[in-house]
Amino acid sequence: MNTMNRLLILAALAACLTQSATLQAAGKPEYASGLSFGKQDHLQQVSSLAVGKDDFLVVASMNKVLIYDPAKEQSVRSFDPGLTNITAVATDGETIYVFTRKTVMKDMEYQGRKYKQTIPVGAVCKKFAWDGTPAGDLELKDLKDVINAKVLNGKIYVSDFGGTRSIRVFDAKTGEPLASIGKNLRLCCGILDFAVDPKTGDVLIGNLGAFKLERYSADGQLKSSFGERGDKLESFQGCCNPVSAAVLPDGNLVVVEKDPSRVKIYTPDGKLLCPFNNLKELVKGCNMVSVAVDSKGRVYLGVNSADRFVLQYVPKS
Amino acid sequence: MTFSNVFGLALLMAGTALAVEPTALRETALFPQNATPAKTEPTLLKLVVGVNDVYCKDSSCKCIEKIATRQYGEFCRQLKKRYNIEVEFVYFLEPYELDKAFRAGKFDAVLCKPWLVFQHSVGRSEGLARVADLQDLHGDIGLWGMVIVPTNSAITKLSELSGRRIVYGQRDAYEKHQAALELFQREGIKISQDKLVEKASCLECLDLLMKDSVDAAIISNYALTADCAVDVTTPESFRVIGRTETIPLTSFMIDLKRLSRDDAIRVQKALIALSQDGLPASMCGGGFVKPASWKVPSATP
């Protein structure tokens, strides 16, 4: 083999290696922790998250709604929507939707021990303009519970854990029920969260008792699912997981597990792309973790552990 | 109480990586050497203990908070006060994490299902001894697999399972895997590999059974009463048509490579004595008792 041939082979090999590395980088996103929102606001709890106008972050904390500029850790403003224990916040353009559940206390008994339990009996939905001005109430018909909510394309999606144990869809103008999404959901710990894919209208539900993330079409048909309990990184762990998910601008999925806290990016069909490294404990035990993403692919996670704040993860490229 | 042992056969059937000679077994229990009572020693003995207990509030899922009510704080205070033994409990909701931390050498002892740590025949488990078994809230110490079918199933007995679709546990859950395979072997039940589905959790097994994807499931005996399944279904929805052998549910196990045998016996006596004479109410009626015999494969020479 002459020198020229050797050089050509070496050049071809180098090109292959470069291409392979480039493809790997393109296929495997990387995330790094970014800002921490709300520490200076002394949040009592991160109840729910949403992303609104100009990628501003909307945080519900107990009875308060706080708005954050994605570049600043302290809130730019807040308002009191007049509800105790807000369970969900959602946005649609410049409108902020705030939800809570109506409850009654019921006497319960287990093996001779008496205790009281909160039972959901209805839902409240209030609308606000971007500056926090009240914009009216909306009655969501025949809804017993609301623990999470999203608003998209004229539809309100809510987690009806205490009622139908499914995702209920309502007309955002009239409050009329449109659909009920989710079949054979094995729900526990009072957790039922979901994401809506803005491009397809698909609803992704954390079927945590089955250790699966399930994708339903807009009309409620199960399209696909992935996940199982296991000790591998791509599997889900804990007593029941995943608890929540969000759809990134490129269609990939952010999938969140509670205790042990893990956040990973998967392709839409369930192939693991990367975990969030050096993740803090998001929550102790079996509790909900709120997640939201913005138009730049930044991920926001509600932390309700030793500290209460919103943790930002940003894509490296 | 002595738990039977069928390891060799079960392991061969399961084709597990632990394919050791069936005769290479070792006793996991450290039997009390003599009847001398526990006493307060002048030397302080300190232990760090990894904990995953089905019935403990700090290592269980929120959905069974009315059932998993045991808390160890007062028990540990009494151990220190009466027997000069200081235990630091580190709680794990996830057994995989406890297993990983134990193998990384983070603990002097573990309080969990013994098979979680003994499934590894080499490494840290080689020095491990069960010094006491922990009673559940009903005073029982056993764990077994239940073979269940839906209440409306036409299947009424084990012998009708041949040729059916069955979901069972993975090899890290002895009562749902090795013991289940041994049960089928013993009962002459023939199931082809393509009709056997392995799942890591009882919830996934129940999910498949409730969706009619399988005809029967093997789950842990506590799954329908003290696990997340309480939020998903009820015991009345299923019929139990068989059960596997019984093994210890939760044991206090000491690493004899980190603590001397004398110290292990000191802890054993203290755990049992305190359970008999001063069990705090926060232990919910379940204390420590002498370990039952249970043999597992030892490391291949």
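## Basis

Two residues are in contact if their C-beta atoms, placed from the backbone, lie within 7 Å. This is a predicted model: local features need pLDDT of at least 70, side-chain atom pairs count only at pLDDT 80 or more, and totals for chains, interfaces and linings use all residues. Residues are numbered from 1 along each chain as its sequence is written, with chains lettered from A and ligands numbered from 1 in the order in which they are written.

## Chain B

Among contacts in chain B between residues at least 6 apart in sequence, 79% join residues at least 24 apart. Chain B has seven helices and 15 strands. These are DSSP runs numbered from the N terminus: helices are H or I with at least four residues, strands are E with at least two.

Along its principal axes, the C-alpha trace of chain B spans about 65 × 45 × 35 Å. Of its 301 residues, 49% count as buried. Buried means 20 or more other C-beta atoms within 10 Å of the residue's own; exposed means 12 or fewer, and partly exposed lies in between, with C-beta atoms placed from the backbone.

## Chain A

Chain A has one helix and 24 strands. Its radius of gyration is 22 Å, close to the 20 Å that the globule rule gives for 317 residues, so chain A is as compact as a globular protein of that length. Its C-alpha atoms fill a box of roughly 90 × 45 × 40 Å along the principal axes. Buried residues make up 43% of the 317 in chain A. For contacts in chain A with a separation of 6 or more, 46% come from residues 24 or more positions apart.

The mean pLDDT (the predictor's confidence in each residue, from 0 to 100) of chain A is 91, and 91% of its residues reach 70 or more. Over residues 16-25 of chain A the pLDDT is below 50, and this stretch has zero contacts in the model beyond near neighbours in sequence.

## Where the chains meet

Here 19 residues of chain B are in contact with 22 residues of chain A. On the chain B side, α3 (95-103) and α6 (202-210) each supply at least two residues. The largest share, four residues, comes from α6(B).

## The largest nonpolar core

A nonpolar core is a set of buried Ala, Val, Leu, Ile, Met, Phe, Trp, Tyr and Cys residues joined through C-beta atoms within 7 Å. The largest has 181 residues, and V89(A), F99(A), V254(A), L301(A) and V310(A) touch the most other members. Helix α7 (residues 261-277) of chain B gives the largest share of this core, seven residues.

Leaving aside neighbours within four places in sequence, V310(A) is in contact with residues including F37(A), V46(A), L57(A) and Y300(A).

## Backbone exceptions in chain A

Most residues other than glycine have a negative phi, and most peptide bonds are trans. The bond from N241(A) to P242(A) is cis, with omega near 0 degrees. P242(A) is in the loop between β17 (222-226) and β18 (244-247) of chain A. The bond from D259(A) to P260(A) is also cis.

C189(A) has a positive phi, near 60 degrees. C189(A) is buried, with 24 other C-beta atoms within 10 Å. N278(A) has a positive phi near 50 degrees. With 7 C-beta neighbours inside 10 Å, N278(A) counts as exposed.

How values were computed: The radius of gyration is taken over C-alpha atoms; the globule rule is 2.2 Å times the number of residues to the power 0.38.
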